Amino acid sequence: MTNPTEDDLKVIADQVWSSYLDLDGASPLVPLPHEKPVDDVTASVSVTGAWRGHVLVSCSEAAAKHVAAALLGIEFDDVAEEDVADALGELANIIGGNVKSLLPEPCALSLPHVHVDGANGRYPSVTEVCHLEGTWMAESVTVTVLESTADLAGAPA
Amino acid sequence: MKILIADDSRVMRQIVTRTLRQAGFEGHDLVEASDGQEAFDKTVAEKPDLVLSDWNMPHMTGVEVLRMLRANGNQVPFGFVTSEGTPEMRQAAEDAGALFLVTKPFTADTFKDALDPILG
């Protein structure tokens with residue numbers, strides 16, 4: 001089994017967008033890097049087991065609010081702060097779950113972690129496997145897959 | 001019918017509720033649970049006719065909830081709505097007694113196919 005690629009992320013993102021975020025096809029995620037990528041909000045899920053790493057969804061605060069509004073079926077201005085973290089976390093969970101299906105078994109997926117303050121957490125000893133940079137509703141959205149390079153068996157005797 | 005929707009994400013519980021409506025399953029009594037323990041407790045207390053459960057939840061996973069229900073003699077119809085659909089998980093779901101496993105992202109048509117035999 002090979003590592004997931006940017007094309008895989010695009011296929012997964014297209015499914016998520018057409019199911020929940022772009023029902024009428026008018027606002028797809030365009031796979032072109034935003035001129036100013038931002039990570040105001042980052043949601044991540046971790047994968048452990050035969051493959052170890054993380055799947056991250058990072059976006060601007062406005063994009064995160066658009067995600068919450070679309071998922072909840074409410075207006076942008078009606079989105080509450082707690083909805084933003086919940087919505088981005090669920091987005092990472094859905095994308096992460098689909099990425100996990102491309103990885104060797106057995107693996108387990110963690111519950112999502114969400115950082116809404118621009119502090120997107122630290123991921124020591126990782127290497128980037130692939131990422132998808134996109135623009136949605138004129139805002140920046142990025143999906144990144146990081147593989148852990150730490151050797152669990154390498155602890156000193 | 002009474003349907004219990006178990007998911008730790010309020011947003012996803014809303015999406016499941018909306019998708020049930022879009023799939024034509026309206027007028028049912030909906031109950032929500034926000035983690036595995038609550039899903040088990042409410043299934044016992046509220047006696048729903050169907051449980052739609054996430055897999056990954058705090059306190060107890062969905063499949064643990066299902067196994068505990070069956071171990072306690074509860075035979076409520078139970079289906080998973082989860083972001084993961086590996087062959088291993090489908091097998092584990094089936095072995096535990098689940099009727100179906102719907103993967104996220106799902107559409108109203110997916111719900112209709114899975115739920116028609118139960119609610120149709």
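## The sheet of chain B and its helices

In this predicted model, helix α1 of chain B lies across β1 (2-6), β2, β3 and β4 of chain B and runs at about 145° to β1(B); helices (H or I, at least four residues) and strands (E, at least two) are DSSP runs numbered from the N terminus, and angles run from 0 to 180 degrees between N-to-C directions, with axes fitted as lines to C-alpha atoms, for helices over the stretch in contact. Helix α5 (residues 108-119) of chain B also packs on the sheet, where it touches β3, β4 and β5 of chain B, and its direction makes about 160° with that of β5(B).

The sheet itself is open and consists of five strands of chain B in the order β2-β1-β3-β4-β5, with parallel pairing (two strands pair if DSSP finds at least two bridges between them). Because β2 (29-33) and β5 (100-103) of chain B stand at the edges with a single partner strand each, one side of each is left without a neighbour in the sheet. From one strand to the next, the twist averages 20°. Strand β3 (residues 50-53) and strand β4 (residues 78-82) of chain B pair in the parallel sense over three bridges, and B:V51 has B:F78 in β4(B) as its bridge partner.

## Packing of α3 and α4 in chain B

Helix α3 (residues 62-71) and helix α4 (residues 87-96) of chain B pack at an angle of about 20°, with their axes 9 Å apart. That angle makes α3(B) roughly parallel to α4(B), a description used for angles under 35 degrees. The residues that make the contact are B:V63, B:L66, B:R67 and B:R70 of α3(B), together with B:A92, B:A93 and B:A96 of α4(B); contact here requires C-beta atoms, placed from the backbone, within 7 Å.

## The interface between the chains

Between the chains, 19 residues of chain B are in contact with 24 residues of chain A. On the side of chain B that touches chain A, helix α1 (residues 10-22) of chain B gives the most, with six residues.

## Confidence and conventions

Chain A averages a pLDDT of 91, and 93% of its residues score at least 70, where pLDDT is the predictor's confidence in each residue, from 0 to 100.

Residues are numbered from 1 along each chain as its sequence is written, while chains are lettered from A and ligands numbered from 1 in the order in which they are written. As the model is predicted, local features need pLDDT of at least 70 and side-chain atom pairs count only at pLDDT 80 or more, whereas totals for chains, interfaces and linings use all residues.

Definitions and conventions
Two residues are in contact if their C-beta atoms, placed from the backbone, lie within 7 Å. Angles under 35 degrees count as roughly parallel, over 145 as roughly antiparallel, 65 to 115 as roughly perpendicular and the rest as oblique.
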